[in-house]
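Subject: Structure handover and notes

Hi,

Here is the structure I promised to pass on to you. Please open it alongside this email, and my notes come just below.

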Amino acid sequence: MLAFALVPAVVQPSAARADNPIVQHVYTADPAPLVHDGRVYLYTGHDEDGSTYFTMKDWRVWSSADMVNWTDHGSPLSLATFSWASADAWAGQAVQRGGRFYWYVPVKNRATGRMAIGVAVADSPTGPFRDALGRPLVENGEIDPSVFIDDNGQAYLYWGNPNLWYVKLNADMTSYAGSPTRIPLTTAGFGTRTGDPNRPTLYEEGPWVYKRNGLYYLVYAAKCCSEFIAYSTAPGPTGPWTYRGTVMPTQGSSFTNHPGIVDFKGNSYFFYHNGALPGGGGYTRSVAVERFSYNADGTIPTITMTNTGAPQAGTLNPYVRQEAETIAWGSGIETEPAAEGGMNVGWIENGDHLKVKGVAFGAGASSFAARVASGSSGGTVELRLGSPNGTVVGRCGVPGTGGWQTWTTVTCPVSGATGTQDLYLRFTGGSGYLLNINWWQFTAGTALTAPR
Ligand code: FUB
């Protein structure tokens, strides 16, 4: 934890909400999910606290094995990654190819003052990402790149507002063949917009392209400036597109919305953003997710925003090390890079808590260990079931360790934690910041020894 003067403002969610939006401690926008190796990685933008414009400086990565407990991987990509970019870390998408991860993002080119598309590359889905080219991949003043790789290996980059463009990417994913082509925005392809003679169709921005059962889907934000999500389909990756209607109606307090769709563990998921957190709105957005099923004819049903979100896909194992920043709902906390690696939860005050959903204790846990640090006099980690005020199954004292990144492992006995439960780590103590927590792990059975 840094000096208190540098502490960011905390987004304070109300305790009564359920588990959607999926991140509570920062505002997130423009979701781009990617399934890799049994997890869904979620790439988002980041709206600054109190923002009054799309003042966006970095992107964030999150991941989950169950769609409800999300691990914060911090910010492995920012404007600073692109030496030629000056502003506007807007909506992008990451894709995987040949063991590498390519993240396409729109940013403002300092030299031209126009929006351009940059591409960053990494060897892991969580980065670190580096600028692949040292210059824009393509620049025509338009935004919101989306990449689709067809079954034959041909990759396509789509982007645009107010137009819609595509170009064929080469196999290196960082160069392209031919020239960008403008997709005809016909009313047959993209619906009819009334009231704006300059924009006769509904297409606005945020394309998301994928293929399912041989049909190509193009999902997008429609009709500024109380956007809804619409989609079109085509027999091929470049069209001709046919307008298919609404995926998500206009709803909530954000005037933009932004789609991302993946299949994960046998179900389909629709990611979007809204202004549903306290302080939320058009420039302080939050990413949320809903599970859905395609209709039998392949059409997408109308999906509405909820504050419950997707059901949990599986359970969480408390008997392996879990990162403290794996959270279903956080109240009052922040995260930061940990000196030991990864992220830790910090800025914890009396009464703050973390919810971890669907924890499979099975026959029972006997002890709890946590990796903690405290630059003050510490506090207590209460282990509660079902709610922040639910049954206490353990209490772990945390001493002052001499620094917010001076880590030690504390253990405490546990009793009464059986079956599958929502676990709450509730933090108590005096005034001010109490402690940081990096990871935790329960031990099964009756022994009261720490697992490490
Ligand atoms: O987040 C900035 C911009 O708002 C995105 O690029 C658009 O898709 C809209 O969501």
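This is a predicted model: local features need pLDDT of at least 70, side-chain atom pairs count only at pLDDT 80 or more; totals for chains, interfaces and linings use all residues.

Residues are numbered from 1 along each chain as its sequence is written, and side-chain values use heavy atoms, with hydrogens and water left out.

Disulfides

There are 2 disulfides in the structure (a disulfide being a pair of cysteine sulfur atoms within 2.5 Å). With the bonded cysteines of the protein chain numbered in sequence order, they pair as 1-2, 3-4. One of them links Cys-224 and Cys-225, with 1.6 Å between the sulfur atoms. Cys-224 is partly exposed at a relative accessible area of 33%, and Cys-225 is also partly exposed, at 45%. For these terms, buried is under 20% relative accessible area, exposed is over 50%, and partly exposed is in between, using a 1.4 Å probe and protein chains only.

The other disulfide joins Cys-396 to Cys-412, with an S to S distance of 2.3 Å. This link is left-handed, at -110 degrees about the S-S bond. Cys-396 sits in strand E31 (residues 391-398) and Cys-412 in strand E32 (residues 403-413), so the bond ties together parts 16 residues apart in sequence. Strands (E, at least two residues) are DSSP runs, numbered from the N terminus. Cys-396 is buried, with 0% relative accessible area, and Cys-412 is buried at 5%.

Ligand site

Which residues are around the ligand? Among them are Asp-30, Trp-90, Ala-91, Glu-205, His-258 and Arg-285, where the cut-off is a heavy atom within 4 Å. A polar side-chain atom of Asp-30 is 2.5 Å from a ligand oxygen atom, and a polar side-chain atom of His-258 is 3.0 Å from a ligand oxygen atom. From Ala-91, a polar backbone atom lies 3.3 Å from an oxygen atom of the ligand. On its own the ligand has 280 Å² of accessible area, and the protein covers 99% of that (Shrake-Rupley method, 1.4 Å probe).

Strands

An open, antiparallel sheet of 4 strands runs in the order E12-E13-E14-E15; two strands pair if DSSP finds at least two bridges between them. E12 (146-149) and E15 (176-182) are the edge strands with a single partner each, so one side of each has no neighbour in the sheet. Within this sheet, E13 (residues 155-159) and E14 (residues 165-169) are joined by 5 bridges, and Ala-155 faces Leu-169 in E14.

Have a look at E20 (residues 260-264) too: 4 of its 5 residues are buried, so this strand is largely enclosed by the rest of the structure. E20 runs antiparallel to E21 (residues 267-274), with 5 bridges between them, and Val-262 has Tyr-269 in E21 as its bridge partner. The two strands form a hairpin with 2 residues between them, and Lys-265 in the turn has a positive phi of about 50 degrees.

One serine

Ser-331 belongs to strand E25 (residues 329-331) and is buried at 13% relative accessibility.

Best wishes

How values were computed:
A polar contact is a pair of N or O atoms within 3.5 Å; within protein, one must be able to donate a hydrogen and the other to accept it, and residues adjacent in sequence count only if both atoms are side-chain atoms.
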